Amino acid sequence: MDLLSQKLNQVFPGKVVRKDLTKKIKEGANVPVYVLEYLLGMYCATDDEDAIKDGVETVKRILADNFVRPDEAEKVKSKIKEQGIYTIIDKVTVRLNEKIDTYEAELSNLGLKDVMIDENDVKKYDRLLIGGIWCILKIKYSYEDNKRMPFAIETLTPIQLPNMDLNDIYLGRKQFTTEEWIDIIIRSMGIEPTKLTHTQKFHYIERAVPLVENNYNLCELGPRGTGKSHIYKEISPNSILVSGGQTTVANLFYNMSQRKIGLVGMWDCVAFDEVAGIHFKDKDGIQIMKDYMASGSFARGKEEKNANASMVFEGNINQSVDVILKTSNLFEPFPPEMANDTAFFDRMHFYLPGWEVPKMRPELITDDYGFITDYLSSFFREMKNNIFW
């Protein structure tokens, strides 16, 4: 370990993990990085090589035995029925069904919507009601007791941070300089800061700003392979990546028939993975997006709705910047209805020059220590209301 990793382990024991360990087990289960690193933090938050090796094997075994793959959902449901009770890993989201005065859980990969859950678990882990959390669950099946909701959660153990007290983090932060803290944040993203210039470090920090600021609009266009979308897909459970750019006004903003807010009201950040493919089936989609980007509000039907989600636009530039500047402009990858609308680009708070960000070469991936990603994402969320720097 270098000196910064040693210091980080001393100040934040149990909250940091060696970042290269995630890659060793990522291929086996399609679980977000923040979930894998939380498990690694439970078994590998140490600098002892033998303990780390044993911990990695334990995490692999837990995932192999309990993780629910979507294509095996029916097989797992059959196991629960046959065995009566079965342990799984899945994402749990809870809602209150006021018609029957009970909480109902939805299991993402298992595809179950009406699962009984103890009210005490909901009170203890309020993030179940706010986007959901990944958990290790014991699921019980009893059709005779409850024909409407035969599946029930017997026990629930979060493998994300269910809640967080930042007081210890604030105290620990005081023991690091600003430059050290910047390196820690970048290393916690999985990038080795010693391989970056001062400007490149701040490009990586800039990518995190939409996770911190409400209603912040960011555009990053650049070559392929620089990790533009990684932070919005893997690092934070509070952001969503819209792949391909295809969406509707009802999905993104407000569904009038169901009277439900769209993605901008459910997530801290909505990122479009490929700006060239952005397309609304509704003719007024672009105009509603412009209104929202300008004021954080939009009109649907007879009401005006407000939301806090930031918007990120990611795209690829296939030519050199010099050629594009001579023949077109730096917003060329956007679809015509947006690329030729100066009012749309006036609403951007920052244009991140993606061609200045290095490609994700092996030497750029850190094997040193950084915060467990779920802690990092919690820092970002808390920074919305606190001065953390």
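**View 1. Helices H2 (21-26), H3 (33-44) and H10 (230-235) each give at least two residues to the lining of the second largest pocket.** Helices are DSSP runs (H or I, at least four residues), numbered from the N terminus. H2 supplies the largest share of this lining, three residues. The model is predicted: local features need pLDDT of at least 70, side-chain atom pairs count only at pLDDT 80 or more, and totals for chains, interfaces and linings use all residues. Residues are numbered from 1 along each chain as its sequence is written, and side-chain values use heavy atoms, without hydrogens or water.

**View 2. The second largest pocket holds about 410 Å³ of space.** A pocket is an open set of points on a 1 Å grid over the protein atoms alone, where a 1.4 Å probe fits, with protein on both sides within 12 Å along at least five of seven lines; lining residues have an atom within 4 Å of a point. Its volume is the space filled by probe spheres set on the points. Of the 19 lining residues, Lys23, Val33, Gly190, His230 and Ile365 are closest to the centre. By class, the lining has six nonpolar, seven polar and six charged residues.

**View 3. Helices H8 (residues 178-188) and H9 (residues 198-212) cross at roughly 60°, their axes within 10 Å.** Axes are lines fitted to C-alpha atoms over the stretch in contact, with angles from 0 to 180 degrees between N-to-C directions. From H8, the contact (heavy atoms within 4.5 Å) uses Glu179, Ile182, Asp183, Ile185 and Ile186. H9 brings His198, Lys201, Phe202, Tyr204 and Ile205.

Methods:
Nonpolar A, V, L, I, M, F, W, Y, C, P; charged D, E, K, R; others polar.
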